[in-house]
4 protein chains.
Amino acid sequence: MKIRLGCQLGYRINGSTTLVLNIQPAETPRQRVLHEVLRITATDGDGSGGGEGQAVPYESWTAAVTGNRYLRVRAAAGTALLVHHEAEVLLEPQVADPAGINEVPYAELPPEVLPHLWPSRFCESDKLQRLAWREFGAIAPGHGRVTAICNWVNDRIAYLRGASNPTTTATETLLAGAGVCRDFAHLSVAFCRALGIPARFVSAHAPGLVPPDFHAVFAAFLGGRWWLFDATRQAPLDALVRIGEGRDAAEAAFAEINGDAVPTGMEVHAEVTEGLDVAHGARTVGAVADVAEAP
Amino acid sequence: MKIRLGCQLGYRINGSTTLVLNIQPAETPRQRVLHEVLRITATDGDGSGGGEGQAVPYESWTAAVTGNRYLRVRAAAGTALLVHHEAEVLLEPQVADPAGINEVPYAELPPEVLPHLWPSRFCESDKLQRLAWREFGAIAPGHGRVTAICNWVNDRIAYLRGASNPTTTATETLLAGAGVCRDFAHLSVAFCRALGIPARFVSAHAPGLVPPDFHAVFAAFLGGRWWLFDATRQAPLDALVRIGEGRDAAEAAFAEINGDAVPTGMEVHAEVTEGLDVAHGARTVGAVADVAEAP
Amino acid sequence: MKIRLGCQLGYRINGSTTLVLNIQPAETPRQRVLHEVLRITATDGDGSGGGEGQAVPYESWTAAVTGNRYLRVRAAAGTALLVHHEAEVLLEPQVADPAGINEVPYAELPPEVLPHLWPSRFCESDKLQRLAWREFGAIAPGHGRVTAICNWVNDRIAYLRGASNPTTTATETLLAGAGVCRDFAHLSVAFCRALGIPARFVSAHAPGLVPPDFHAVFAAFLGGRWWLFDATRQAPLDALVRIGEGRDAAEAAFAEINGDAVPTGMEVHAEVTEGLDVAHGARTVGAVADVAEAP
Amino acid sequence: MKIRLGCQLGYRINGSTTLVLNIQPAETPRQRVLHEVLRITATDGDGSGGGEGQAVPYESWTAAVTGNRYLRVRAAAGTALLVHHEAEVLLEPQVADPAGINEVPYAELPPEVLPHLWPSRFCESDKLQRLAWREFGAIAPGHGRVTAICNWVNDRIAYLRGASNPTTTATETLLAGAGVCRDFAHLSVAFCRALGIPARFVSAHAPGLVPPDFHAVFAAFLGGRWWLFDATRQAPLDALVRIGEGRDAAEAAFAEINGDAVPTGMEVHAEVTEGLDVAHGARTVGAVADVAEAP
């Protein structure tokens with residue numbers, strides 16, 4: 001499947017600012033970046049004057065553990081910064097029968113996976129032990145149990161813009177009964193970890209998402225690899241283009257702003273151009289592995 | 001029904017201390033105190049030497065709004081304080097058919113009842129609006145809906161000594177999935193208020209409670225009066241002897257200690273002596289009104 | 001001193017709604033309401049059509065314990081509700097030398113004052129014990145210690161609109177380092193109670209406040225009566241017209257909306273018309289007693 | 001400097017249990033493990049019968065990013081598990097003049113250090129921004145500013161066993177005003193991150209600690225490397241033997257227990273055997289670098 005995607009981010013830079021961005025698709029054997037354009041420019045003033053703008057230099061690197069691709073940009077006070085990214089990606093997700101995907105006993109989890117059992121800033125799994133076991137303890141272990149978590153979250157949490165903020169955690173979402181994709185992912189991850197299932201947060205481009213936006217889902221470690229889940233059910237899992245991953249949103253932010261800058265606009269798009277007819281909403285296609293997994 | 005009840009509380013007074021106690025049964029037309037003995041004594045040292053002790057003077061008053069009966073005692077450093085209370089109570093609770101007890105619309109609630117809709121220290125009803133309406137919004141209003149709240153709490157919260165502490169709130173109990181009678185009452189009260197049903201915390205002597213102890217339940221305002229509920233289902237409602245009431249445990253504590261004193265022992269008892277065979281555990285007897293209600 | 005004050009509140013009533021308002025000045029020997037106009041009207045639609053509107057009936061009562069004056073209004077779906085209140089008040093506040101106002105030992109506090117030591121929804125004094133004693137334990141007890149609390153709060157909390165929301169508590173304000181008048185009052189009240197000083201929340205009209213708005217301050221019980229304090233220092237204490245009081249904002253809200261209504265506008269004003277030249281900002285005039293106090 | 005250290009940990013295994021331990025000293029050029037004995041044995045029953053016990057097999061690995069050394073042990077129900085570890089370490093800490101150690105601008109931080117600016121489960125730096133800048137914003141950047149943070153924490157937080165629990169966070173410690181070494185480290189780390197100084201949690205053997213126990217301190221990234229700090233001032237920094245590091249205690253636990261096991265005893269010791277006379281309490285020796293740093 002081929003997917004064309006991109007984003008355009010604008011910032012008004014009031015004071016000298018450094019931005020770290022994680023907006024580019026990860027590069028893995030199952031997710032190849034066919035071509036990619038990145039243009040970071042600055043214009044004087046607030047950018048309303050138009051014009052091409054000057055190219056702004058940036059650093060880039062790929063994080064060793066996660067494979068997240070980062071950009072670091074310094075912007076001068078009094079300018080308008082424009083980040084323009086376009087890419088085409090060849091996606092060959094592994095799809096499998098969920099019935100055969102089991103949980104891995106704690107004693108057999110690979111060492112590098114163990115940190116994904118730890119509680120994190122936004123996923124306080126340590127506070128949800130009893131609740132997790134009461135709600136999900138009787139469900140047969142495996143891929144189906146994580147799907148049951150997604151169903152529980154989807155039933156009880158209303159998708160509501162503005163219901164949460166950047167410091168909202170999984171337990172706060174549980175109490176509030178409302179949130180956005182980030183919050184759905186956090187609560188699901190917290191439940192998984194409380195049950196002993198390693199889980200991590202995944203940021204993504206999501207063809208089919210309405211309105212188009214960056215998306216947040218999660219992955220759980222089952223049967224020796226990471227499988228994707230989306231408790232919001234808003235986009236098909238097998239067309240997700242993975243951008244970043246981390247233990248929660250604190251570790252997989254699209255943009256970190258250090259300084260004094262104000263976002264002035266964001267446009268995101270992602271379309272399947274070949275190989276799949278992606279309708280709105282989620283489609284059940286079986287279990288879909290995180291593209292970070294080896295083929 | 002007659003009930004004999006009492007308690008013995010010991011304190012080691014390390015530094016000059018003032019205690020405010022609310023351990024005596026409320027006096028109402030439906031709950032008459034037939035006779036009552038109160039003995040507050042102090043001995044030098046830690047009290048282990050035995051002996052009668054000296055009588056300690058105290059103030060007493062009845063709070064106008066709640067009818068709670070308070071004692072205020074000053075104890076000197078280096079003494080052991082012993083509070084001994086015994087009483088016999090004639091209890092004539094009003095029992096009714098729950099089916100006929102309806103909720104009162106907000107517009108028709110008596111003004112003095114409105115404060116019991118406000119969130120309080122341990123019952124953060126303002127944070128549970130959405131959750132309350134999702135879980136209980138479809139249930140027919142009335143006494144049965146409050147019973148449904150009790151069932152929900154009883155199903156999901158484990159009765160577990162040590163699971164909570166004096167600062168634990170309703171939302172913390174919900175997340176922890178465990179608590180004691182105080183916590184069951186707080187969570188139930190918070191859900192009631194979130195639904196627009198005035199509710200308050202009630203402390204009581206509870207014949208049939210195993211092991212014997214002070215108990216905490218709650219009352220909800222329905223059909224023009226206050227009705228008792230106990231989400232723990234640990235003692236029969238129609239034999240409860242009301243001690244205090246308040247918006248939550250912050251307003252209905254058995255003992256407030258101001259100074260430096262350490263509890264050294266507490267014995268509580270309550271037995272039906274006439275008119276009812278109280279078996280262990282709760283009995284369904286219909287709706288039972290708070291004895292504070294006029295006959 | 002005479003003060004003219006008033007407010008105009010508009011609501012779009014989407015669904016049948018009952019409002020409880022506490023916007024009228026309390027009536028006490030030291031705060032007499034000379035004349036008062038209250039007009040509650042409804043117009044069909046959103047009110048933009050103009051016209052006089054129909055008078056809407058309402059209930060009114062004065063709460064026994066607090067003296068708060070309440071209005072209860074029912075508004076029909078599809079109307080625009082307009083509440084118009086004007087009054088002139090004769091204010092004769094008691095002003096005294098702070099140096100002579102001492103704290104009252106717990107053992108000597110009047111029983112009816114004790115509830116103002118309990119923690120409440122927005123003033124979790126039980127969680128601030130150690131911090132309160134470390135910061136204020138060495139300061140000489142009395143009116144000056146409460147002023148020290150106000151100074152501490154004023155130094156550390158930035159006055160910032162939008163920094164808090166209706167569920168924000170004293171400890172959250174402490175951590176956030178920002179809030180509005182309500183939050184300044186809550187944090188100060190929590191510190192007072194943690195130190196054993198009874199304290200309560202007071203809502204008020206405040207001549208001199210810029211921009212004009214309802215104001216929130218607090219009162220502490222010292223030397224046998226309640227004294228006003230304002231940690232925001234935004235208006236002179238001796239010109240405050242007390243509207244409501246309660247343990248915190250949960251108990252002294254200007255408006256409680258039960259139903260589906262949206263505020264469409266609020267105008268508040270208060271001017272000294274006789275007897276005092278109220279400049280912007282606070283003026284030090286000595287200790288000022290709550291007008292609820294007997295002359 | 002040579003340090004002899006070790007620990008003995010006992011567990012009663014009620015149900016099949018897997019433990020992951022991080023109790024061994026890290027191995028770095030500046031911290032060499034000269035010799036080491038690890039003995040993990042199990043006896044039937046509760047271990048009180050004595051006897052040698054059977055050797056229990058275990059896995060061991062060193063985490064790539066942190067260098068933490070882990071052991072994973074499976075223990076059978078109905079046994080007593082004993083973990084015995086002894087080691088001698090040659091420690092050559094880098095000590096420098098604090099005056100020359102500066103903060104690194106965000107734009108110049110090495111990419112692998114950036115994650116230590118993110119908030120974590122127990123260090124909610126995102127909630128302490130304003131407070132951190134108000135308290136420490138005016139202090140000259142550099143090693144001295146982190147020392148100022150330690151002084152602030154030491155002044156305001158009482159070292160009190162039992163004041164915190166395994167879910168206590170930095171903001172909870174700030175409010176409670178009390179905690180243990182873990183809590184001192186969390187609060188300090190949270191303040192550092194809020195100021196833009198990368199910081200991480202460090203678990204250690206601490207010669208001089210009274211009573212002997214595992215210790216928790218933290219490291220801040222300054223002048224291009226990690227420097228140790230201890231807000232408790234309970235042990236000399238230059239004799240600390242680093243065991244583990246992580247973003248907070250969730251990532252650097254001594255023992256994680258998965259199953260049903262109860263700790264039955266813990267003894268920890270650490271003595272300087274050569275090269276330094278370690279008195280009780282902290283000694284100022286200048287800035288001490290984390291031994292993980294290259295020589």
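Biologist: Leaving aside its neighbours within four places in sequence, which residues is Gln94(D) in contact with?

Modeller: Keep in mind that this is a predicted model. To start, find Gln94(D) in the loop between strand E6 (79-91) and strand E7 (95-96) of chain D. Contact here means heavy atoms within 4.5 Å. Skipping the sequence neighbours within four places, the partners of Gln94(D) are Arg30(D), Arg225(D), Trp227(D), Ala287(D), Val288(D) and Ala289(D).

Biologist: And which side chain does the side chain of Gln94(D) make a polar contact with?

Modeller: Go back to the partners of Gln94(D), which include Arg30(D) and Arg225(D). A polar contact takes a pair of N or O atoms within 3.5 Å. At 2.3 Å, the side chain that pairs up with Gln94(D) belongs to Arg225(D).

Biologist: OK, on to chain A. What does the domain assignment give for it?

Modeller: Chain A is assigned a domain 1 and a domain 2. Taken over C-alpha atoms, their centres are separated by 27 Å. In residue numbers, the assignment reads domain 1 (2-91) and domain 2 (95-251 + 279-288).

Biologist: Which three residues supply 30% of the area that domain 1 of chain A buries against domain 2 of chain A?

Modeller: Take the whole interface to begin with: the two domains of chain A bury about 1,000 Å² between them, 58% of it on carbon and sulfur atoms. In contacts, that is 16 residues of domain 1 against 13 residues of domain 2. The trio that supplies more of the domain 1 area than any other three residues is Ile3(A), Thr66(A) and Asn68(A).

Biologist: Which strand gives the largest share of the domain 1 side that touches domain 2 in chain A?

Modeller: Strand E1 (2-21) and strand E6 (79-91) of chain A each supply at least two residues of that side. The largest share is five residues, and they come from E1(A).

Biologist: Now for the chains. Which residues of chain A lose the most area to chain B?

Modeller: Here 16 residues of chain A are in contact with 17 residues of chain B. The two chains bury about 1,200 Å² between them, 56% of it on carbon and sulfur atoms. On the chain A side, 51% of what is buried comes from Arg130(A), Arg134(A) and Leu175(A).

Biologist: Last one: how far apart are the nearest C-alpha atoms of chain A and chain C?

Modeller: Chain A and chain C do not touch. Chain B and chain D don't touch either, with their nearest C-alpha atoms 12 Å apart. For chain A and chain C, the value is 12 Å.

How values were computed: Residues are numbered from 1 along each chain as its sequence is written. Chains are lettered from A and ligands numbered from 1 in the order in which they are written. This is a predicted model: local features need pLDDT of at least 70, side-chain atom pairs count only at pLDDT 80 or more; totals for chains, interfaces and linings use all residues. Side-chain values use heavy atoms; hydrogens and water are left out. Buried area is the accessible area (1.4 Å probe) that two parts lose on being put together, summed over both. Domain bounds come from an automatic or database domain assignment. Helices (H or I, at least four residues) and strands (E, at least two) are DSSP runs, numbered from the N terminus. A polar contact is a pair of N or O atoms within 3.5 Å; within protein, one must be able to donate a hydrogen and the other to accept it, and residues adjacent in sequence count only if both atoms are side-chain atoms.
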